[in-house]
Structure formats: C-alpha cells, structure tokens
Amino acid sequence: TVLTDTKGPAIPKAMWGIFFEDINFSADGGLYAELIKNRSFEFTKPLMGWKEITANGGAGNTLIINRGEANANNPRFARITVKTQAGAYGLANEGFRGMGLLKDKKYNFSILARKQSGNLKIRIEAIGVDNKLIGKAELNNFTGEWAKYTASFICTATDAKAHLNVYFEGPGTVDVDMASLFPQDTYKGRPNGLRADLAEKLAALKPGFMRFPGGCIVEGRDLANRYQWKKTVGDIGDRELIINRWNTEFANRSAPDYFQSYGLGFFEYFQLAEDIGAEPLPILNCGMACQYNTGEVVPLDQIDPFIQDALDLVEFANGATSTKWGGLRAAMGHPKPFNLKMMGVGNEQWDEQYLDRYKLFAKTLKAKYPGIKLITSSGPSPEGKRFDYLHAELTKEKADFLDEHYYQAPEWFMNNASRYDNYDRKGPKIFAGEYAAHIKDTKNNDAEYKNTWISALAEAAFMTGLERNADVVQMASYAPLLAHVDAWQWRPDLIWFDNLRSVGTPNYYVQQLYSTNKGTHVIPIKMNGNIIAGKDSLYSSASIDADMHQLIIKIVNTSAKAQAVEFDLQGKVKPKKTYSLVTLSSADKFTYNTLDAPTKISPVQRSGNIASGKILSNLEPMSVNVFRVSLG
Ligand code: AHR
C-alpha cells in the first residue's frame, strides 16, 4: 500500500460525534443521576415506583391531589396522613430497577413539603437488597407553606439494587412533592447532575458533536407527546413530565414505567456538550409525530409554533442575556452563549409531508439565522424510493446536511465502504446521524442483536470510507448510545450499564479509536492503484494530523487470516524511525464485552520500527489497526 499524496480533504473537527436519545433508560435511570423514580407523582399511575409501607404498628394513608391549572406543569402532589402516635407510615421508592448506592459516598435527599396539621417528621432509610439499613437521615419542622427540605447521609455499604423508604411519623398530615435523591459526586459535582461514570465514558470518546435529544423521542408517539425543549428548561419542578416514546410492553423489553422527567433537559444537554468539548446538535420536531406510530402531522397553516420553537432555541443558546430566552439561559447559570451552529429539522421523517414542512422551517430560519446549518431527514432507510426522493428534492432545495441512518447487517457496512466515493461533491453534506451493524449471535443461538466483535469490525471498515470522504461526510454518530442492562428497548448500543457499573462495547472502542486518531486532513492511500475498500478484506484510510505533525493510517482486516502489509510512504512524508500501533482484535467474531468482563476486546498498544520509509506489519485476523508516525 502506498501513500500517493500529502494533502486531501480537510477532516472536520466535529467529524466523529455522539447521538444521545432517552431510550433504554439513557436519561432517567441512566445518565441523569436522580435515583428516585416518579419523584413528582406524575406518571400515568401516580404511585408507580412507590409502595405504601408501615413500621412498628404505624398507620396512615396517601391521597394524590391534582391541582390542575393551578400548577399545570406539575399538577400532582401527595397528601400523607399518619393516624398513629407510635410507629410510622410511608412510601418506599424502588428506583430505576433498584438504586445504585456506593459505600462511603454522600447522598442528598430533598423534598418539597407543606404542613397541614400535627408535626410530622420524615425519616428516610436506604435499604440494601438484603434488607439491611445502609443509610438514614431525618427531616422535620415543616411550615404551612411549600418549601424545599434537604438531608444527607453517607452510605455504609455498596448496593446496586437498594431502595429508599420515606417514613412519616405522626400523627398529622403533610403535603409532599419532588422527592429526590442524588449522589453528591455527580459529573463535575453539579447539583441536578449526571452520573459520573457514564458522563466520563462520553467524554473519553472526545466527541466532535453531541446530537440530542433523539431519535424518535423528538417526534413522540403523537404530537401531544413530542419533545418540546421549552418544557425541559427552568426550575426542575416546572418541567412537565411526558410519557416516553419508548414506554413499551414488548415481552422482554417491557418498560411501562418509562417517562421523561426532563430533569436532564436542554440546558443540561448544552452544558454537557460544552463540558465534553462537543458541538451541540439539537434535533427539533418538524410538525410530525413518529410515522411508525400515529404519523400525526400538524397542518401546514398551523406550523408556526413549531418554527417559533426553533427560532427561540437559537435565542436560548446564543442570544444576549437581555433577550427572553438568552435571559433564561443566564438565569440557569450560563450567561455566555452556547455557540449553537447547527440544528436538525425532524428526525426520521419521509415523503412530501416532510419536504413541505422542512421548506417552511428553512425559509424562516435561514432568513433570521443564515449562519445556522440545518440538518434534514432522509427517512429511515439508506436506500429505496423514499430515500432517493428526499435526496433528490433536498438537493434541489440546497439543504446543508442530509441525515442518513443505517441499521444494517455487517455485510452491508463492508459492502458500503465505498458508498460516498462517488457522491455528488456539490450536493448537501452528509450527516451519518445513526448507524450500527445488527447481527444476531447465531453461534450461541441468541435471538437478540449483540455488540459482537463482527459488528464493530464491520463498522470500522465502513468508517474508513466515511473518513476518506470527509469532504462529503462531515459528521457521523453511532446509535443508540446508552442502554441499561435491565431496562433496554433497543440493541445493540454503544455503552451498557447497570445501576453502578458501565462497560464500553467493542463498537465503543472503535468509535474512540477513530475520534482520537482523526487527523486534520485525509491523504490518499492506495493498493495497486486502487482505494482500499474491501479487496482482500482490507479497508483503509489515512490522514495527516497537521497539529501534531503525524501521519495516521487506519487499516481494518476483516478476514479470519493474518495479513502481511507493507506501507510504502514513498518519500511523500518524512517519517521518524518508529511508529505506534493500536489494535482491536479477536479471533471470535461473536465475542462481546460485559459488565463482568469489560475488556475482552479493548485497545492494545504496540510500537515498531520504520526502515527505508516503509512500515511492515502483520495484521492480526479480524483486526482494526491504527498506526501513528511522527514526521520529521
Ligand atoms: O436509535 C434508535 C432509533 O432508531 C431512533 O430513535 C430512531 O431515529 C431510529 O429509528
């Protein structure tokens, strides 16, 4: 293989990013560190996640009161009455498939309360799976006005499946709402913050952009339940909860308790993107609900509020603090702009209905904010009539970016490594906004798609084609990002977690390898005069990192045999004497990482010598390899 030039297309800084959607308990029960489920009693069944409890002969009752319009965003609260002098009555919260608590760590409980009569005391108890008390705290002296009360405890044992008892000791009556338990150690120590291990795994990907909040949840199962960013900002008690689009009743994916509290809302998404150095990429509803569900659309003459939401979002992200929405951003703690440069109009929409609505969005948004790039849907499939139609029409519309999604078999990814080699260079840029290779583990007779090595290998092969065509494909993100092992609806996913641990899949390590070895511009690498995209089961792309003055070669060997390769730098670049090599490989294509065995497939570092401007290497069977060479 030969390097034929030293300069090709620039690789955008934002090339490799992440796709965040609240699916598989990614937000509530996952990245969002709140441990109490249904904290404000707003789930369809108000006591879902809660259970009445008594201790030492205590007795009482819970009445759910709905304030309706008086508090439209958070109408319900619980009125707790304890009838007995002795003992206690209360509610136990089960958490999100249990609560993950860590020994010696501090946990902060808070609750809104208002006394009705008597002098109730609240006693909270963290209880481990073996029924042992592992943390406790007390609250009392409630007044007759709503106020927030807080108490903390240090946990005495680690437990992945704990629960929280909230006991009331009376007699008396008290109103409560927004019961909350957070670890003190959230990501960057923020109140209302994020689970540190998960946020750190995202940061370690060094993503160029962060797409949020989805996915199908942007669309909602119907328009009433679409994602509306304005409902997700401001005080957390004023954020109106909705049913999650992924609230399902499939046999092993059942999640009737899946709602969106919006504790992780648009402010927090922008903040996270900033924290991890990613460009924010919000996707907004375009006036269409999920076409796989109700397929509801808003009439074209009633679309203005949807477009206004997009305009106001730019003001929220970038506007002066003297503006309405810029002022809210400042009040939430971020006076500086978030520097929003792009947004998506609709998720996976298709047909004329989409085109008609996109045109109205584009007309208004481009007139007011010509600098904001718009990302358009190209439907759910990477090929077929629907896809061709939208591609052709959106090209005519001179759309900035088309969002292509591919959930396909590994073979599709390998066969499509040249997909963009002949794409129209003058048409819209491509955002590969969701992709993952889907394959069942036939070896182990597993009916579910898993994050097997073959899926990651196929993605790596395909991604060489994305990088080689970085002038067309300017952004790409694997999807979905996160999944709770006990509460998923869709697989495969990039990162799996339980209530305490998380594991990067082989696919995660592929994403990380590409994003941390990106380079600043592509350089052509050829084998017998041809690009390397499948011949002899090899796939390759090369780049120069002008900032680090290094040459980077990525080469994927999808065959089950080792392959000797020789990279001839042909005097095009002047290498120093050694190279470094990072390899991901496995002889078993069905291997995957688990929480108990998290590094079965993980990067292995090596180094070697360069002689006469040549690198000789024996590529392992089924391997992804990244060579780095410092240039003289
Ligand atoms: O990533 C899971 C889902 O796949 C997304 O919500 C949707 O956009 C796509 O169909």
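This is a predicted model: local features need pLDDT of at least 70, side-chain atom pairs count only at pLDDT 80 or more; totals for chains, interfaces and linings use all residues.

Colleague: What makes helix 10 largely enclosed?

Modeller: A residue is buried if 20 or more other C-beta atoms, placed from the backbone, lie within 10 Å of its own. Nine of the eleven residues of helix 10 (residues 506-516) are buried, so the rest of the structure largely encloses this helix. Among the buried ones are P506, Y509 and L513. The helix itself is a DSSP run (H or I, at least four residues), and strands are E runs of at least two, all numbered from the N terminus.

Colleague: Why is strand 29 called mostly covered?

Modeller: Seven of the eight residues in strand 29 (residues 538-545) are buried.

Colleague: How do you know that strand 29 pairs with strand 30?

Modeller: Two strands pair if DSSP finds at least two bridges between them. Strand 29 and strand 30 (residues 550-557) have eight, and they run antiparallel. Y539 stands opposite V556 there. The two strands form a hairpin with four residues between them, and H549 in the turn has a positive phi of about 55 degrees. Strand 29 also runs antiparallel to strand 26 (residues 521-523), joined by three bridges. In that pairing H521 faces I544.

Colleague: Which way do the residues of strand 18 point?

Modeller: M342 and G344 point one way, M343 and V345 the other, and all are buried. Strand 18 pairs in the parallel sense with strand 17 (residues 279-284) over two bridges. With strand 19 (residues 373-377), strand 18 has four bridges, again parallel. G344 has I375 as its bridge partner in strand 19.

Colleague: Why is the crossover from strand 18 to strand 19 called right-handed?

Modeller: The chain goes from strand 18 through helix 6 (residues 351-368) to strand 19, a right-handed β-α-β crossover. The name applies because, with the strands pointing away from the viewer, the path from the first strand over the helix to the second runs clockwise.

Colleague: Which residues surround the ligand?

Modeller: Among them are E21, N347, E348 and W490.

Note on methods. Residues are numbered from 1 along each chain as its sequence is written. A residue is near a molecule or strand if its C-beta atom, placed from the backbone, lies within 6 Å of it. A residue is buried if 20 or more other C-beta atoms lie within 10 Å of its own, exposed if 12 or fewer, and partly exposed in between; C-beta atoms are placed from the backbone.
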